[in-house]
Amino acid sequence: MTNDHFAKLLGKAAMDVWGSMPRDIQEAIFELAKKGRTTEREDLARLLHDRHPRTLHPAKPG
């Protein structure tokens, strides 16, 4: 088995339980996942929000 294989397993598991994670943990994982991948930020956020509506942030005032 390779490191990539285990990283995919952990990534899938994290996505499966994303909605039940505390928000600070979600934010920490999200920031690490998108590090160096600024163009994928919105796509990753959309994927997580579509899978777990609880993670939608309230609209900003204004």
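**A buried lysine and the helices around it**

Lys34 counts as buried, with a relative accessibility of 14%. The cut-off for that label is under 20% relative accessible area. The model is a predicted one.

The side chain of Lys34 meets that of Glu31 in a salt bridge, at 3.3 Å from N to O. Glu31 and Lys34 are both part of helix H2. They are three residues apart, about one turn of the helix. Glu31 is partly exposed, at 38% relative accessibility.

Helix H2 covers residues 23-34. Twelve residues make up H2. From its first C-alpha to its last, H2 reaches 16 Å, close to the 16 Å expected at 1.5 Å a residue. The buried residues of H2 are Gln26, Phe30 and Lys34. Viewed down the helix axis, the buried residues of H2 fall within an arc of 45 degrees, so they line one face of the helix. Asp24 and Leu32 are exposed on the other side of H2. Helix H3 is included in what covers the buried residues of H2. After H2 comes Gly36, with a positive phi near 80 degrees.

Glu27 is partly exposed, at 41% relative accessibility. Arg23 is also partly exposed, with a relative accessible area of 44%.

Helix H3 spans residues 41-51. Asp43 forms a salt bridge with Arg46, and the closest N and O atoms of the two are 3.1 Å apart. Asp43 and Arg46 both lie in H3, three residues apart, about one turn of the helix. Asp43 has a relative accessible area of 48% and is partly exposed. Arg46 is partly exposed as well, at 46% relative accessibility. Elsewhere, salt bridges that share partners join Glu31, Lys34 and Arg41 into one network. A search of the whole structure finds six salt bridges, among them the pairs described here. In general, side chains of opposite charge can pair when their charged atoms come close.

His52 is found in the segment after H3. This histidine counts as buried, at 14% relative accessibility. His52 touches Met15, Asp16, Trp18 and Gly19, leaving aside residues up to four places away in sequence. The C-alpha atoms of His52 and Val17 are separated by 9.1 Å. Along the chain, His52 and Val17 are 35 residues apart.

Helix H1 runs over residues 3-17. Leu9 has its place in H1. Leu9 is partly exposed, at 46% relative accessibility. Together with Met1 and Phe6, Leu9 forms a nonpolar patch on the surface. The accessible area of Met1, Phe6 and Leu9 together is about 370 Å².

The secondary structure of the chain comes to three helices and zero strands. Along the sequence, the pattern reads α-α-α. The chain has 62 residues, of which 19% count as buried. Contacts with a separation of 6 or more were also examined, and residues 24 or more positions apart account for 53% of them. The chain exposes about 5200 Å². Carbon and sulfur atoms supply 60% of that area.

Note on methods:
Residues numbered from 1 in each chain as written. Predicted model: local features only at pLDDT ≥ 70, side-chain atom pairs only at ≥ 80, totals over all residues. Heavy atoms only, no water. Salt bridge = Lys/Arg side-chain N within 4 Å of Asp/Glu carboxyl O. Helix = DSSP H or I, 4+ residues; strand = E, 2+ residues; numbered from the N terminus. Buried < 20%, exposed > 50% of the residue type's maximum accessible area, 1.4 Å probe, protein only. Expected span 1.5 Å × (residues − 1). Arc of directions from axis to C-beta. Contact = heavy atoms within 4.5 Å. Patch = residues over 30% accessible without salt bridge, like charges linked within 9 Å, V, L, I, M, F, W, Y side chains within 5 Å. Areas by Shrake-Rupley, 256 points an atom, 1.4 Å probe, with all protein chains shown as cover.
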